[in-house]
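Below is a short report on a single protein chain.

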Amino acid sequence: MQRHSAPKPTRNWWKWGFIALVAVLLVTTVTVGVKALMPTQVPSTAKVTKNTTNINVSLNKKQVNALADYYVNKSLQNSAVKYRFQVTDHALISGSTKVLGANVNFVLLLKPTVLSSGDVQLKAEKLSVGALPVPISFVMGYIAKNYPLPNWVAMDTKQETITLHLTAIGNGKKLSFAAKKIDLSGAGKFVFQARIPKD
């Protein structure tokens, strides 16, 4: 009498492949979320030395946008990431980010305020990310962690603010700036003080 061996159970590779894909997506989403919501370090504002020659410079929106394009493009020279900073009736940051592997365009509208220190604070007011209901703090955190920002730019994702530490640009030893006036109406008027250290 012949004995028939029981057939070996076949593994369902589609099932395990699907479980692996879900696990990868879950780990990626959690990692991006944690990374995006971590606080960024805020640089300390440099002390203004009295031994400087101060010159007031007045710019309009077109000139500010040209300067912003120059500095942003300079910081993005070796980066695949692209974004723009512009002023219209608001200050705005536009670019793209990846959500679960898909490129999603975003526009972040900000309201600028001149601080007593001469720095500028940008308060996030509105976020457009396609049709996705993404919190402003999440996108700001993602930008802070993944976009090459100058070391004098700091983001506070909890307060939804971006601070431009203009007075810290030269670290008290090189040319630095201080904001005096920001007016976004019409052609715009932006008054900055250039602080040139004396030898």
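The sections below go from the whole chain to single residues.

## Model and conventions

This is a predicted model, in which local features need pLDDT of at least 70 and side-chain atom pairs count only at pLDDT 80 or more, while totals for chains, interfaces and linings use all residues. Residues are numbered from 1 along each chain as its sequence is written, and side-chain values use heavy atoms, with hydrogens and water left out.

## Overall fold

The chain has three helices and nine strands, taken as DSSP runs numbered from the N terminus (helices: H or I, at least four residues; strands: E, at least two). Read from the N terminus, the order is α-β-α-β-β-β-β-α-β-β-β-β.

Of the 199 residues, 34% are buried (under 20% relative accessible area; exposed is over 50%, partly exposed in between; 1.4 Å probe, protein chains only). The accessible surface of the chain is about 13400 Å², and carbon and sulfur atoms account for 58% of that area (Shrake-Rupley method, 1.4 Å probe; for residues, only the protein chains shown count as cover). Among contacts (heavy atoms within 4.5 Å) between residues at least 6 apart in sequence, 50% join residues at least 24 apart.

## Nonpolar core

The largest nonpolar core holds 35 residues; such a core is a set of buried Ala, Val, Leu, Ile, Met, Phe, Trp, Tyr and Cys residues joined through side-chain atoms within 4.5 Å. The members that touch the most others are F85, F106, L110, L122, I162 and L164. Helix α3 (residues 136–146) supplies the largest share of this core, with six residues.

## Salt bridge

How many salt bridges does the chain contain? The count is one, where the rule asks for a side-chain nitrogen of Lys or Arg within 4 Å of a carboxyl oxygen of Asp or Glu. The pair is D69 and R84, with an N to O distance of 3.0 Å. D69 belongs to helix α2 (residues 61–75) and R84 to strand β2 (residues 83–87), so the bridge ties together parts that are 15 residues apart in sequence. D69 is partly exposed at 22% relative accessibility, and R84 is partly exposed at 38%.

Strands β6 (residues 153–156) and β7 (residues 161–164) pair in the antiparallel sense over four bridges; pairing requires at least two DSSP bridges between two strands. V153 has L164 in β7 as its bridge partner, and L164 is also listed among the core residues above.

Most residues other than glycine have a negative phi. E160, in the loop between β6 and β7, has a positive phi near 60 degrees. E160 is partly exposed, with a relative accessible area of 24%.
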